[in-house]
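Dear colleague, here are some notes to read alongside the model. Please keep the sequence and the 3D view open as you go through the points.

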Amino acid sequence: MADFYSAGQAFLTWLQQSGAEISPKIKLEDMRHAQAGRGVVATQDIAEHELLFRIPRSAILSVENSILSKEIPAATFETLGPWLSLILVMLYECLNGDASNWAAYFSILPSEFDTLMYWTADELAELQASAVVNKVGKESANEMFLEQLIPVIKEFAPIFFADDERAPQKAEEMRDERNLALMHRMGSLIMAYAFDVEPSVLKKDVDEEGYASEDEDEALPKGMVPLADMLNADGDRNNARLFYEASSLDMKALKPIRAGEEILNDYGPLPRSDLLRRYGYITENYAQYDVAEVSMDMVADLATTAGIHSESRIEYLDEQEVIDTGYDITVSNPFTLQESLSPELVVLVEMLLLPDEEFERLKKKGKLPKPEKMTSKGAEFLHRLMQIRLAQYGTSLDDDVRDFSGVPSVNGSGSKERRIAMAKAVRIGEKRLLKQVEEALAEKLAREGVVTKRPREIDEEGDVEMGGTGKKLRS
């Protein structure tokens, strides 16, 4: 307990010595009892827009601020990209120990995580058919470390391991399991804590409302912002936000905060599956952002079985930026098919179902079917698609709900019981969403006089034989 407290105090002292301004109305709090590590709490009432703390840009752990940026060519960092560049810098600073300017900061950053990267195979299996399983990326991360990061470390070994005669050997040792684990730790820290740091002089193109495209946001340099990353997040109760100024990053209150209240940031509209993947926990209020993904491969397989797959139409849809690797089914409140179904998915299905002459007419005009005008045939195809997607999960929604007793909050990080419960909560949310869409499509078809059909056979890979017997609608 003393070590935890003293490390936090040493960090705050270092931060203030680095030029940070910290309001006397806040304090760093031990929140391990709530599975939240550290957090920031108000000690006095705080007014709306009041400054909570100001972090100088020079204190951000970033490529720009590391000595490596002066020693290694800029072209090398550009080749690595924002993610691997920051991992390289963090490895360098971490391995420098007390000699690093950010030593006090590293001392309070976690070394253990509950993110999906650290789950065992049987724990990941509890997520069943959730698309998030394919986004863990441990193998691809290892590949990037071995093929892109380590060659850079070897090339610049005398700089990376300065004043060490064993620099070449140490660079080769970065391939060891222990050092690969260290790289994964740096990557996990970045995923959970790093910010996309807008430059002091904005260079990217923005629209008239001040928003940049997603591609441009991905290209922003990443940085670890001390203290800002100590704030926990909440989708409903967030009361603070980070503002980018010319020489600092300022955390300000978005609303009045009373003494004793936790100061909370917001991750944005993340589904619980991504919350689990990136941060290692879930909360019920993020269920409003849950997503169930339907893969393009599944759509193509069903279209082939139904005899409507067309390479020329797929090619045209690709030109129109409709084709993607997957399509999101999202929560809507109040629920509507139009809001929950991906419009690109509806357009894809309707385009495949069009008579040849109608397709040629739209193609000639460079147009697409309107997603809000879903036909009965489109609804029938999507209804079958939802059935197939639901069948990919290893258990039924009813069984999951009956067996689920909530996520335990006191078993500690790495608890198998807690991980399995979080996985079950995620898959329940996805199944509920898919079931809601399936039943709404069935109701739409019933109103239009179309009898919905249950697929005759769905194998373990989700392949379906079209046709079947009539399905009795739920009351």
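Is Glu321 buried or exposed? With a relative accessibility of 70%, Glu321 counts as exposed, because exposed means over 50% relative accessible area. Please keep in mind throughout that this is a predicted model.

1. Glu321 sits in the loop that runs between helix H13 (311-319) and strand S12 (326-330). On the surface, Glu321 gathers with Glu311, Glu315, Asp318 and Glu319 into a patch of negative charge.

2. **The positive patch.** A surface patch of positive charge is formed by Lys365, Lys367, Lys370 and Lys373. One of these residues, Lys373, is placed in the loop between helix H16 (356-365) and helix H17 (376-391), and Lys373 counts as exposed, with a relative accessibility of 59%.

3. **Helix H19.** Several of the points below return to helix H19, which covers residues 416-447 and has 32 residues. From its first C-alpha to its last, helix H19 reaches 46 Å, which is close to the 46 Å expected at 1.5 Å a residue. Just after H19 comes Gly449, which takes a positive phi of about 80 degrees.

4. **Salt bridges to Glu123.** Side chains of opposite charge can pair when their charged atoms come close. A search of the whole structure finds 27 salt bridges, and one of them is formed by Lys416 with Glu123, where the closest N and O atoms are 3.3 Å apart. Because Lys416 lies in helix H19 and Glu123 in helix H5 (residues 121-125), this pair ties together parts that are 293 residues apart in sequence.

5. Asp400 forms a salt bridge with Lys431, with the closest N and O atoms 2.6 Å apart. This pair links distant parts of the chain, as Asp400 is in helix H18 (residues 397-403) and Lys431 is in helix H19, 31 residues apart. Asp400 counts as buried at 2% relative accessibility, and Lys431 is likewise buried, with a relative accessible area of 1%. Elsewhere, salt bridges that share partners join Asp114, Asp122, Glu123, Lys416 and Arg419 into one network.

6. Most residues other than glycine have a negative phi, and most peptide bonds are trans. Against that background, please look at His49, which is not a glycine and yet has a positive phi of about 75 degrees. His49 is found in the loop between strand S3 (38-42) and strand S4 (51-56), where His49 counts as exposed at 57% relative accessibility. Leu227 also has a positive phi, near 75 degrees, in a residue other than glycine. Leu227 lies in the loop between strand S6 (222-223) and S7, but Leu227 is buried, with a relative accessible area of 2%.

7. **A cis peptide bond.** Which kind of peptide bond joins Asn333 and Pro334? The bond is cis, with omega at about 5 degrees, and Pro334 is placed in the loop between S12 and helix H14 (337-340).

8. **Two distances to check in the 3D view.** Asn238 lies in the loop between strand S7 (232-233) and strand S8 (240-244) and counts as buried at 17% relative accessibility. Asn238 and Lys255 are 17 residues apart along the chain, and their C-alpha atoms are separated by 9.1 Å. Ala74 and Val63, 11 residues apart in sequence, are 9.9 Å apart in space from C-alpha to C-alpha.

Key
Residues numbered from 1 in each chain as written. Heavy atoms only, no water. Patch = residues over 30% accessible without salt bridge, like charges linked within 9 Å, V, L, I, M, F, W, Y side chains within 5 Å. Areas by Shrake-Rupley, 256 points an atom, 1.4 Å probe, with all protein chains shown as cover. Salt bridge = Lys/Arg side-chain N within 4 Å of Asp/Glu carboxyl O. Lys, Arg positive; Asp, Glu negative; His and termini not counted. Charge placed at Lys NZ, Arg CZ, Asp CG, Glu CD. Helix = DSSP H or I, 4+ residues; strand = E, 2+ residues; numbered from the N terminus. Buried < 20%, exposed > 50% of the residue type's maximum accessible area, 1.4 Å probe, protein only. Expected span 1.5 Å × (residues − 1).
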